Amino acid sequence: MNPATLDPREPCSWLRRYVFTTSHRVVGVQYLLVALAAVVTGALLSLLMRWHLAWADALIPGWGLIKPEDYLALLTLHGTLMIFFVTSAAPQNGLASLILPEQLRGAPPSSTDTNITRSEVRMALPLLNALSVWFTLFALVALLSTPFLPGGAAISGWTSYPPLSSTALAGPGQSYGMDGWLIALALFSVGSLLSAISVVATVITRRLHGMKWMQMPLTAWSWFVAACMMLPAFSILLAACGMLFSDRHFGTSFFFPPVEVMNGIVLHHGAGSPLLWQNLFWFFGHPEVYIAVLPAMGLATTLLATFAGHALAPRTYRTMVAATVAIGLLGFAVWGHHMFVSGMNPYVGRGFGLATIAIAIPSAVEVIQWLAAIFAGGLRRATPLLFILGFVSLFITGGLSGPILAQPILDAYLHNTFFVVAHFHLIMGMAVSFALFAAIYYWFPLLTGKCMSERLGRWHFWLSLIGAYAVFFPMHFAGLAGEPRQYAQLTGTAGFLQNLLPLQRFITIAAFLLVAAQLLFFWNVLNSWIRGEKSSPNPWDAETLEWESPGDPSASHVRA
Amino acid sequence: MILSWHTASIAPLLVLQKSSLWMPRAGSLHAPAIDELMRVSLLALTAAGILAQIILLAGLFLPRERRPRFSPVWRWIALAIFALSMVWMTLVAENLWSTIRLTQAAPNAVQVEVTGVQFQWYFRYPGGDGTYGAVKPGLVDAPGGNPLGLDPADPHSHDDIVTNVMELPVDRQAEIRLRAQDVIHGFFIPGMRVMQNATPGMPSQIHITPTRIGDYAIVCSQLCGLGHYRMHAVLRVVSQQNFTKWIAQHQTASKEN
């Protein structure tokens with residue numbers, strides 16, 4: 001990155017400039033690098049899983065035979081990396097730090113200067129923001145060290161339901177590996193809380209003089225609402241991790257049943273409940289889905305307006321803000337739809353089913369507005385726009401299976417099957433990734449002063465889109481056929497599972513191609529950075545303030 | 001005309017349903033209603049999805065002058081159609097859920113208790129006295145032939161039958177009591193369209209009525225450890241006559257023990 005585009009006030013030492021700094025741009029890039037390490041690792045782990053699921057006897061070069069517990073460790077790491085370190089850390093904590101302060105172009109509250117230049121822009125509470133990325137990095141290191149601990153990495157999935165996760169007797173990896181997982185999540189929660197505090201404070205106190213709430217770009221609104229959701233969500237997760245750790249080591253009994261027989265050993269505890277963890281975890285877990293997807297939704301709205309070459313109509317803008325806030329609020333009322341078959345009172349299931357259908361309405365409002373904008377036409381066909389269209393396509397495909405899973409009676413067949421895997425990988429994995437790609441293609445010229453190759457971008461887009469559908473759409477059928485997720489192999493006495501092997505093999509081959517297509521993206525980033533054409537200061541004719549050159553009087557356009 | 005449209009839209013579905021890429025053949029009383037709701041919902045949502053993708057492709061490829069213009073009111077009409085179909089789907093689904101899950105089991109239902117243990121399902125029938133005997137965690141001894149920890153001091157336990165296969169009579173309701181000894185297991189019989197977690201310390205009840213004689217796979221649907229993928233069992237639905245015979249055989253065997 002060209003140091004000239006970074007905060008020029010920092011002293012010249014390399015360490016002070018790129019490592020130990022509170023510069024919002026550097027912190028944003030640091031977040032993206034943490035997410036990059038996580039996404040590369042997570043994707044490679046998923047290829048190992050796919051390989052094993054399709055050809056259970058295959059000897060993996062450099063590994064050998066993947067044992068069932070290895071498979072579960074792979075899926076636990078994959079899920080934890082992708083959900084926390086990629087889809088949460090990158091679009092929310094990372095992009096908000098990178099872009100939000102410049103979009104708001106805000107002065108410190110004490111300043112009366114109405115003409116703030118880019119170099120004077122920063123996050124509110126910049127130290128908290130900078131600390132947050134360090135917590136996230138330490139969390140990643142803690143998580144990635146768990147496979148090397150005695151017993152290996154945890155095997156209880158990214159949701160780690162106790163009692164499987166509450167005692168070392170429950171299986172390999174449930175000893176030190178599980179402790180490591182809990183420590184990693186606790187560190188990540190602290191980091192995310194610090195980041196959220198900083199984002200909320202920035203939006204409240206650092207808007208350009210005269211910029212009203214209803215003049216903020218939709219991206220800023222989504223980062224703000226997502227950060228507001230993170231405060232209670234990650235506080236609860238942090239507490240839950242502490243409680244589980246305490247159950248494991250300090251003799252408490254939050255999540256233990258009064259008595260259980262584990263591996264032939266009778267364990268007596270106080271009268272806790274395994275269901276309490278599920279309530280706490282999903283009270284965090286479902287808002288987490290919206291924390292990941294709201295920034296992507298805001299980006300889609302803003303970019304569709306930018307690439308159509310006009311600002312959003314005031315009525316559309318108000319509708320989108322209302323939908324974003326509604327999703328943020330309703331996001332806290334739907335966690336029980338993960339627990340329809342948990343043994344929860346079936347009356348409660350009805351309520352959560354209704355709340356979940358209710359949240360489909362504001363989501364549908366946003367989708368219909370996007371489709372209307374796309375159909376109205378006049379969109380400039382550049383790579384960031386293609387990826388936003390891909391986001392909309394995948395969001396719709398992944399979202400439409402939501403109302404099926406929201407019905408307790410249908411979920412009592414599809415719960416924990418591959419249908420659910422298809423649903424959340426399309427809407428959370430793929431849609432959010434496409435929005436992230438759009439963000440990188442879109443803001444690359446802002447950060448580096450260079451253009452990315454459009455030709456490579458188009459190839460990357462079409463191959464990724466076809467790959468995403470080829471991998472995740474067929475999973476719906478495996479789920480309908482009744483294949484539970486998290487099965488290391490499709491052998492065993494339930495013969496119907498073996499009929500699904502050809503489908504799973506097809507998915508595995510598609511997954512390898514999907515991952516291979518991402519090499520185009522990395523090549524494009526590196527090559528464009530080094531040899532790319534110089535970009536104009538505002539290549540997309542955007543109206544948001546991050547594109548205004550330093551020192552511009554910038555009160556004229558404040559919204560896109 | 002309506003018939004032919006219906007046939008055309010259903011045809012790919014029929015092919016799917018015959019393949020192994022659809023829900024397995026159903027064998028319980030409430031399954032047809034669930035299947036119907038699943039079919040109609042999937043069809044409607046797939047149609048909505050295809051329409052949306054066509055709009056996306058048109059937005060990308062269709063020249064601007066060839067696109068019809070729509071008044072913004074259409075956005076609200078589309079939203080209203082979506083919302084109303086959600087309301088309809090929810091009403092039907094919640095009604096089904098109430099019928100199946102918010103009702104008590106019939107008094108004459110066959111009693112069976114299912115216990116999940118890493119990585120095995122055990123089934124217990126209360127025997128002639130109709131009452132399950134007490135179990136004590138301290139007595140659990142799978143290699144010694146007492147995997148559930150039946151307490152011999154409780155007379156009710158003497159005629160309890162413990163098996164590895166679940167057998168049920170056809171056309172009679174079965175009340176299933178779910179327990180787990182160690183971690184949470186997911187009791188899932190795809191052919192019966194039923195799934196419920198078995199949670200340690202929290203017994204729960206469900207009931208089903210098998211309507212078709214045959215064998216059905218039972219699988220574990222809640223990650224329970226390294227052997228999760230092989231935690232399978234079989235539900236064997238037989239005639240009432242064969243069921244009575246099977247119970248009698250097991251009772252003789254347990255008395256001999």
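Modeller: Gladly, and a definition comes first: axes are lines fitted to C-alpha atoms, for helices over the stretch in contact, and angles run from 0 to 180 degrees between N-to-C directions. This is a predicted model, in which local features need pLDDT of at least 70 and side-chain atom pairs count only at pLDDT 80 or more, while totals for chains, interfaces and linings use all residues. Residues are numbered from 1 along each chain as its sequence is written, and chains are lettered from A and ligands numbered from 1 in the order in which they are written.

Biologist: Are α2(B) and α3(B) roughly parallel or antiparallel?

Modeller: Helices (H or I, at least four residues) and strands (E, at least two) are DSSP runs, numbered from the N terminus. In chain B, the axes of α2 (residues 31–61) and α3 (residues 73–101) come within 11 Å and cross at roughly 165°. Angles under 35 degrees count as roughly parallel, over 145 as roughly antiparallel, 65 to 115 as roughly perpendicular and the rest as oblique. That is why α2(B) and α3(B) are roughly antiparallel.

Biologist: How many charged residues are in the contact of α2(B) with α3(B)?

Modeller: Two residues are in contact if their C-beta atoms, placed from the backbone, lie within 7 Å. Residues including Leu37(B) and Ala44(B) of α2(B) meet residues including Met89(B) and Leu96(B) of α3(B). Ala, Val, Leu, Ile, Met, Phe, Trp, Tyr, Cys and Pro count as nonpolar, Asp, Glu, Lys and Arg as charged, and the others, Gly among them, as polar. The contact of α2(B) with α3(B) has eight nonpolar residues, two polar and no charged.

Biologist: Which element gives the most to the side of chain B that touches chain A?

Modeller: Between the chains, 70 residues of chain B are in contact with 78 residues of chain A. On the chain B side, α2, α3, β6 (185–189), β7 (194–198) and β9 (214–220) each supply at least two residues. With 15 residues, the element that gives the most is α2(B).

Biologist: What is the radius of gyration of chain B?

Modeller: Chain B has four helices and 10 strands, and its C-alpha trace spans about 85 × 35 × 30 Å along its principal axes. The radius of gyration is taken over C-alpha atoms, and the globule rule is 2.2 Å times the number of residues to the power 0.38. For 257 residues that rule gives 18 Å, so chain B is more spread out than a compact globule, with a radius of gyration of 24 Å.
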